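Subject: Structure handover

Hello,

Here is the structure for you to look over. My notes on it follow below.

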Amino acid sequence: MTQTINCFLPVGNQEETLSTINELKNSNLVSNIFLIGKVSFKIEGVKSLESESLFSGKAIHEIAQATDTDFTFIYIKTSPLKLGQFALNRFTQVASDTNASLTYSDFKTFKDLKLENHPVNDYQEGSLRDDFDFGSLLCLNTKALKKAVNSVDKNNKYAGLYSLRLALSEQAELVRIPEYLYTEEELDSRKSGEKIFDYVDPKNRSVQIEMEDVCTEFLKRTDGYLEPKFTEVDFKSEQFDLEASVIIPVLNRVKTLEDAIKSVLSQKSDFDFNLIIVDNHSTDGTTELIQRYANQDNRIVHLIPERKDLGIGGCWNEAVHHKACGRFAIQLDSDDLYADETTIQQVIENFHKEKCAMVVGSYQMVNFKLEEIPPGLIDHKEWTPENGRNNALRINGLGAPRAFYTPVIRETPLPNVNYGEDYALGLAISRKYQIGRIYKSLYLCRRWDENSDASLSIEKMNAHNSYKDRIRTIELKARKRLNQ
């Protein structure tokens, strides 16, 4: 029997909407097409729903009620959709063969007058971030949709679709087809380094709160939620010569490191601290720069690891296990600066005030001239002492600067990688200990063309996202074991 499908899409301008509708009508599988939003033009044979936003809980409920075919397709963009050869047939074939609750595929983008491949990642148990890239065309098993919608709050303004796909993941696998089944127009021409902070943009605060609520309820349903009960930290459990160490791992950053060093040496505190720079075999003059400063100031510890297979995480492990490391280890990237001379003092005071194993501050986005750039202050105010460690499974980072109680970080080695090592450590620490927060700016995050994430290919971005999803998967499994 031929599988039939209903299609749902948001209203765009008349030309774009008609283009997508005509494309869908070319398939003999399509039974009905529904528009979501206010329709100011008439299209014969096309129905409409009342909801204004496809992403609302109300819209998801209306879709579930309206659809009566084997499969339900949702196209989430207003720009024109171009289907590949027998694309809808391929979607439904794979969906039937795998009994997936949601099926999605790689796609192509028409961007800056060029056609580019846009592969996406396989879904994992830990793919909980609300910006997971499924592409814009989703194939839902209608039976699974009608069951999953019971977990979607009709009052959600922004998180309806996110809530739905989490609920779908409870029923069956979310399956990616590694084939380029359609083409869409890419309207966001920003570089990767300009997109990565969208989720912490203050203007999206109300969206983030709703996403957090949805994710928290999902974790409670699936036994991944941790109640706000924490292990206390004893800061006198070990003896240290110094109260604090600032740690800078570096490889070939002669252009920026001197500013970072000066930023540390200018700090004022009522305790002794040092600066441990882990020089990962630099070849551009960075080594000589560090040594020059180390000869002038005995607070600088210049470490050149014996190993030559270390990433940023491995360099951190070298520093915190060194005998010169203080009671608390505070992060500073070689590109960045502390906001003023009180940063270290504020961080250590926060440790003692909150009795926590890790402290995370807030940072200001600036250019190389130290001028503020959007989105400005990144304070991660979505973090709460009660639910921060649960919401940490949804977001892509914890913030900066990060600081750690050294005995705790020593018992939890960082992954020896160059990306996501700090996130993995933060999740592991938060499973057991409280993380303290400072919501005023302590740190200047300098964005420039040589930042490691300034302009990444889609393949590199996918690799980064896949790794963080894997970290979340590992953490989620560990938390479920704790709850069992």
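A residue is called buried when its relative accessible area is under 20%. Asn156 has 10% relative accessibility, so Asn156 is buried. Please keep in mind that this is a predicted model.

Asn156 sits in the loop that joins helix H4 (142-148) to H5. Leaving out residues up to four places away in sequence, the contacts of Asn156 are Ser56, Gly57, Lys58, Ser163, Glu210 and Val214. Ala324 lies 168 residues from Asn156 along the chain, and their C-alpha atoms are 52 Å apart.

Next, helix H5 (residues 160-171). Its twelve residues should span 16 Å at 1.5 Å a residue, and the 17 Å between its end C-alpha atoms agrees with that. How many residues of H5 are buried? Nine of the twelve are, which leaves the helix mostly covered. They are Gly160, Leu161, Tyr162, Ser163, Leu164, Arg165, Leu166, Ala167 and Leu168. Ser163 is also among the residues that Asn156 touches.

The last item is a helix pair. Helix H8 (residues 257-265) packs with helix H9 (residues 286-296) at an angle of about 25 degrees, and their axes are 10 Å apart. The two are therefore roughly parallel, and H8 passes H9 in a right-handed crossing. On the H8 side the contact is made by Leu257, Glu258, Ile261, Lys262 and Leu265, and on the H9 side by Thr286, Leu289, Ile290, Arg292 and Tyr293. Sorted by class, this contact has six nonpolar residues, three charged and one polar.

Regards

How values were computed: Residues are numbered from 1 along each chain as its sequence is written. This is a predicted model: local features need pLDDT of at least 70, side-chain atom pairs count only at pLDDT 80 or more; totals for chains, interfaces and linings use all residues. Side-chain values use heavy atoms; hydrogens and water are left out. Helices (H or I, at least four residues) and strands (E, at least two) are DSSP runs, numbered from the N terminus. The expected span of a helix is 1.5 Å times one less than its number of residues. Buried means under 20% relative accessible area, exposed over 50%, partly exposed in between (1.4 Å probe, protein chains only). Axes are lines fitted to C-alpha atoms, for helices over the stretch in contact, and angles run from 0 to 180 degrees between N-to-C directions. Angles under 35 degrees count as roughly parallel, over 145 as roughly antiparallel, 65 to 115 as roughly perpendicular and the rest as oblique. A crossing is left-handed if the near helix is turned anticlockwise from the far one by less than a right angle, and right-handed if clockwise. Contact means heavy atoms within 4.5 Å. Ala, Val, Leu, Ile, Met, Phe, Trp, Tyr, Cys and Pro count as nonpolar, Asp, Glu, Lys and Arg as charged, and the others, Gly among them, as polar.
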